[in-house]
Amino acid sequence: LYRRFRMKDERAFRKELEETLQLNNNTETEPFRQQFHLTPPKGLLNDPNGLIQWRGIYHVFFQWMPFKTGHGSKWWGHATTKDWVNWELLPPALAPVQDFEKNGCYSGSAVVRDGLLQLFYTGNVKDEYGNRSSYQCLAVSEDGVHFEKLGPVISQPERYTAHFRDPKVWYEAGSWWLVIGAQRDDKEGHVLIYRSRDLRKWEFLGPLAGKGVTLSESFGFMWECPDFFELDGMRVLLVSPQGLEKESYQYQNQYQTGVFTGSFDSENATFSHGSFQEMDKGFEFYAPQTFEDEHGRRLLLGWMGVPDQQEDMHPTIKDGWVHCLTMPRELLHLQNGKIAQQPLKEWKQLRGAQQSKDIHVTAETVEWTEWKAIVAEINIEVEEGKSWTISWRDYLTMSFDAEYGVFTLERPDLISGEPAFRTSRIEEIHSLRCYFDRSSAEIFINDGEHVATSRLFPRKQEAKLRCKTHESIMFQVDAWELHS
Ligand code: FRU
């Protein structure tokens, strides 16, 4: 491995790797170093992988480039936590060493069987001309720290291209199942489904969703990172399709993430579903995965980034790292196939000093001058039926147009600095629960019925909260400073 990274010997390589594993809390010198989000000490992080709670401990693996802030031959980084507040960063679980994964141990999932933690992931391989092959691989561990690679267990099926990745495995109705993102040879995105008795031999059952299966129209050229689970009696296919055309109120990021909800017939391995619902209204959210924890909660974590979207412009690159994961969120089934995302109750442990205030605004801008913390949870109850604008740190602006039912998030474009917008249809807004870290905002609208996730890179370290409206309106604000 050290030779592949062009380092002179193994000692030098180990030393460099150990340095990248030093927990970095440089909030003094790095204004955008996150305080309560999982962030790479060094290098680039993307998708969450292998989410699982095992023997009481939550394992969060993640796509990681330890030595550079660009994409490439990915590793699986590894962090654990018991309470979502105190974290331990462990040695990387997978490094791209073998021939069947030499250009990256790509995304995947984890299950426990026979007392072993079993990771399924995609071995990404490119030849000298850049042609890709993909292998679905297995690695197992007795202690949850050291993994033994057992090699490929699934190869590419006919009629599909090498864009075949991100296996998600689960147990149901007496069998092991696996869904995987794929591209049919006519460049249509699909999700494929497999079944197994022993996690080693897999039977290909066919496509589960996509054009010509459950959709009559094209819906993107590749579907990444599928997840397929039950939520309160409803079946959910969570997926990140690539190649959807931008529309006025949806699909405004480079690539999207959302859900199809419906029902699964496990005997015939078929899924019937309704229309796609996008999952996030912000600038950075992609490739989320879920798992059921030991309390029976369905938890989700996503990547707070989007591939091919302005990532070279993230100012953290000069500090040697880029991207982070979202906070974990609990999924709840609302009605009519709608899903809410809510912050975990564990997050209350982060709360420090609280202040509350009723802010009365009448046709002018009002600034909450007493509020000083930039890392904060701020819950704002707003009067329904009114239009308003709320801005944070003179950088991120949330506004609601009650007449048209339109929510807009605005922040400077990372390249030009000009205002950039994400607009979505939301009939009515009664509350905004905002979690602000040093360089991110996660806004849970109407108790998580909608969520907007974005990075933010304001120059000034001022905690300015400003409210504006053209009418008379009351904002009820409860705010907590958040600890590390
Ligand atoms: C999604 C993705 C996955 C792939 C991984 C590579 O962001 O492209 O499809 O497995 O990232 O890092």
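**View 1. Thr 389 and its opposite residue in strand S27.** In this predicted model, Thr 389 stands opposite Ser 399 of S27. Strand S26 (residues 388-392) and strand S27 (residues 396-401) run antiparallel and are joined by five bridges. Strands here are DSSP runs of E with at least two residues, and helices are H or I runs of at least four, numbered from the N terminus; two strands pair if DSSP finds at least two bridges between them. Residue numbers count from 1 along each chain as its sequence is written. Because the model is predicted, local features need pLDDT of at least 70 and side-chain atom pairs count only at pLDDT 80 or more, whereas totals for chains, interfaces and linings use all residues.

**View 2. The open sheet containing S26 and S27.** Six strands, paired antiparallel, follow the order S24-S33-S26-S27-S28-S29. Strand S24 (365-367) and strand S29 (419-425) each have a single partner strand and stand at the edges, so one side of each lacks a neighbour in the sheet. On average, neighbouring strands of this sheet are turned by 15° against each other, direction ignored; the axes are lines fitted to C-alpha atoms.

**View 3. The shell around the ligand.** The ligand is surrounded by 14 residues, the closest being Gln 63, Tyr 106, Ser 107, Glu 224 and Ala 287; a residue is near if its C-beta atom, placed from the backbone, lies within 6 Å. Elements giving two or more residues to this shell include strand S1 (43-54), strand S5 (105-113) and strand S9 (160-172).

View 4. Over residues 37-343 the chain is 0% helix and 55% strand, with the end C-alpha atoms 13 Å apart.

Notes. Axes fitted to C-alpha atoms, helices over the stretch in contact; angles between N-to-C directions.
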